[in-house]
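Below is a short report on a structure, written for a reader who will inspect the coordinates alongside it.

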Amino acid sequence: MNKEVRPFAIALLGVGRIGTMHARLLKKHPLVSRLILADVLPERAEEAAQELGCESATLDEVLSLDNPLGVEGFVIATATSTHADLLIKASDLGIPTYCEKPISMTLDEAVRAQEALEAAGLLHHIGFHRRFDVGYTRAKELVQSGELGEVRRFHAVTCDQLPPADDYIPTSGGIFVDCNAHDFDILRWVLGREVVEVYATGSARGRAIYAESNDYSDAVSILTFDDGTVGSVQSSRYNGQGYEVRLDIMGDKGSANVGLDNKAPMRSVEDDVAYPTEEPWTDFIERFKPCYEAELDHFLRNPMIGKPGACTAADAVAALKIGLACNISRDENRPVRIDEIK
Ligand SMILES: NC(=O)c1ccc[n+]([C@@H]2O[C@H](COP(=O)([O-])OP(=O)(O)OC[C@H]3O[C@@H](n4cnc5c(N)ncnc54)[C@H](O)[C@@H]3O)[C@@H](O)[C@H]2O)c1
């Protein structure tokens, strides 16, 4: 049964790059009465709490079964390798949870978390924020309305301007699971279809950490959907021109192009073309802040009051399978069917 929308006591776990941004957004949200920060590095939580004027606590306090702090909702922004265990813990506690993507780096762990959430009937949302982006939403509407005709092809791009810190890479899950998870999720959502096969390749350039972690700095995957729609997903940790996230969808009656805005990191070399007119996007926070805001708002107005989240663990497992199939394709240099991923 739905409960009333009212301010809640929210505990945020993991005060790193994205956790700090979520903490700032939660602190000023009218539906957050108390914000409690916790991190495996307690001094990090204490420092951020002091800066924001909110509470901090130890992980033991926040995750204790008798819930001494009266936590009503979790926002998990810890390292990916910890998500599955924390989701299982949240299921044991029965506390609605927002969890950053990806759900896990391994299928076994991800499925364990999904099963725990489903068995407990725990309301949750997995943080695939592009589902809250105006452009992707319009593209989905155009696909659904039939205005593009039969969708035949797509091209997706996710490129960082500057790479994350080296120590992020070995525990990230690799470029397909970590970075392209966003593309895989949004393609499933926009097209409303499932991927059946992938072929992935790439190279490890720039810092040594990519080669050392059996990861790519620059990667391309080719996806085939169950209706025959084919396309490519391109990504890089180094995109000099700026932070680039785009999706082109081509149908037999028309196209939809997400991310072709005035800050797209492009440089036309044609005569008389002034586009794009503004300085390019530099990072994901600048580009997607309104989506992160909308997504936390969605969590507070839906899972927190008894309604399902927009992106479930089952969705996150589907995106993970595509990333894992890309990893096998990379390692074995062959196309990989999604139904091989078990
Ligand atoms: N949705 C997005 O656009 C987006 C963007 C960046 C990162 N992410 C995801 O968010 C997560 C965090 O990424 P990040 O870049 O902020 O990493 P980060 O390394 O900057 O921060 C992670 C934080 O979690 C803490 N931590 C690690 N294990 C913990 C545990 N067991 N309990 C409590 N705290 C713990 C670390 O001390 C650190 O402060 C990753 O899963 C990443 O994939 C999502």
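Asp272 sits in the loop between E12 and H10. The model is a predicted one. Asp272 is not a glycine, yet its phi is positive, about 60°. Its relative accessibility is 84%, so Asp272 counts as exposed, the cut-off being over 50%.

Pro276 belongs to the loop between strand E12 (255-258) and helix H10 (284-301). The peptide bond from Tyr275 to Pro276 is cis, with omega near -10°. A cis bond also joins Lys101 and Pro102, with omega about -20°. Pro102 lies in the loop between E5 and H5.

Asn214 has a positive phi too, near 50°, and is a residue other than glycine. Its place is the loop between helix H9 (209-212) and E9. Asn214 is partly exposed, with a relative accessible area of 43%.

**Ligand contacts**

The ligand is surrounded by 26 residues. The closest are Arg17, Asp39, Arg44, Thr80 and Tyr292.

| Residue | Protein atom | Distance |
|---|---|---|
| Arg17 | polar side-chain atom | 2.7 Å |
| Ile18 | polar backbone atom | 2.9 Å |
| Arg44 | N or O atom in the side chain | 2.6 Å |

**Helix packing**

How are H5 and H11 oriented to each other? H5 and helix H11 (residues 313-332) pack at about 170°, with axes 10 Å apart. Angles over 145 degrees count as roughly antiparallel, so H5 and H11 are roughly antiparallel to each other. H5 contributes Leu107, Ala110, Val111, Gln114, Leu117 and Glu118 to the contact. H11 contributes Ala313, Ala314, Val317, Leu320, Lys321 and Leu324. By class, this contact of H5 with H11 has nine nonpolar, one polar and two charged residues.

H6 and helix H8 (residues 181-191) cross at roughly 40°, and their axes come within 8 Å. H6 and H8 are therefore oblique to each other. From H6, Tyr136, Thr137, Ala139, Lys140 and Val143 make the contact. From H8, the partners are Ile186, Trp189, Val190 and Leu191. The residues of the contact of H6 with H8 divide into seven nonpolar, one polar and one charged.

Arg131 is in the loop between strand E6 (124-127) and helix H6 (134-145). Is Arg131 buried or exposed? Its relative accessibility is 9%, under the 20% cut-off, so Arg131 counts as buried. Beyond its sequence neighbours up to four places away, Arg131 touches Thr137, Asp185, Ile186, Arg188, Trp189, Ala310, Cys311 and Asp315.

**A covered helix and a strand residue**

Helix H4 (residues 83-93) is mostly covered, with eight of its 11 residues buried. The buried residues are His83, Ala84, Leu86, Leu87, Ile88, Ala90, Ser91 and Leu93. What covers them includes strands E1 (8-13), E4 (73-76), E5 (97-100) and E6, along with helices H3 (59-63) and H5 (107-120). Gly94 follows H4 and has a positive phi, near 70°.

Val220 lies in strand E9 (residues 218-225). With a relative accessible area of 33%, Val220 is partly exposed. Leaving aside residues up to four places away in sequence, Val220 touches Phe176, Tyr199, Ala200, Thr201, Ser232, Val233 and Gln234. Val220 and Ala156 are 64 residues apart in sequence, with a C-alpha to C-alpha distance of 9.7 Å.

Definitions and conventions
Residues numbered from 1 in each chain as written. Predicted model: local features only at pLDDT ≥ 70, side-chain atom pairs only at ≥ 80, totals over all residues. Heavy atoms only, no water. Helix = DSSP H or I, 4+ residues; strand = E, 2+ residues; numbered from the N terminus. Buried < 20%, exposed > 50% of the residue type's maximum accessible area, 1.4 Å probe, protein only. Contact = heavy atoms within 4.5 Å. Axes fitted to C-alpha atoms, helices over the stretch in contact; angles between N-to-C directions. Parallel < 35°, antiparallel > 145°, perpendicular 65-115°, else oblique. Nonpolar A, V, L, I, M, F, W, Y, C, P; charged D, E, K, R; others polar. Near = heavy atom within 4 Å. Polar contact = N/O pair within 3.5 Å; in protein donor to acceptor, adjacent residues only side chain to side chain.
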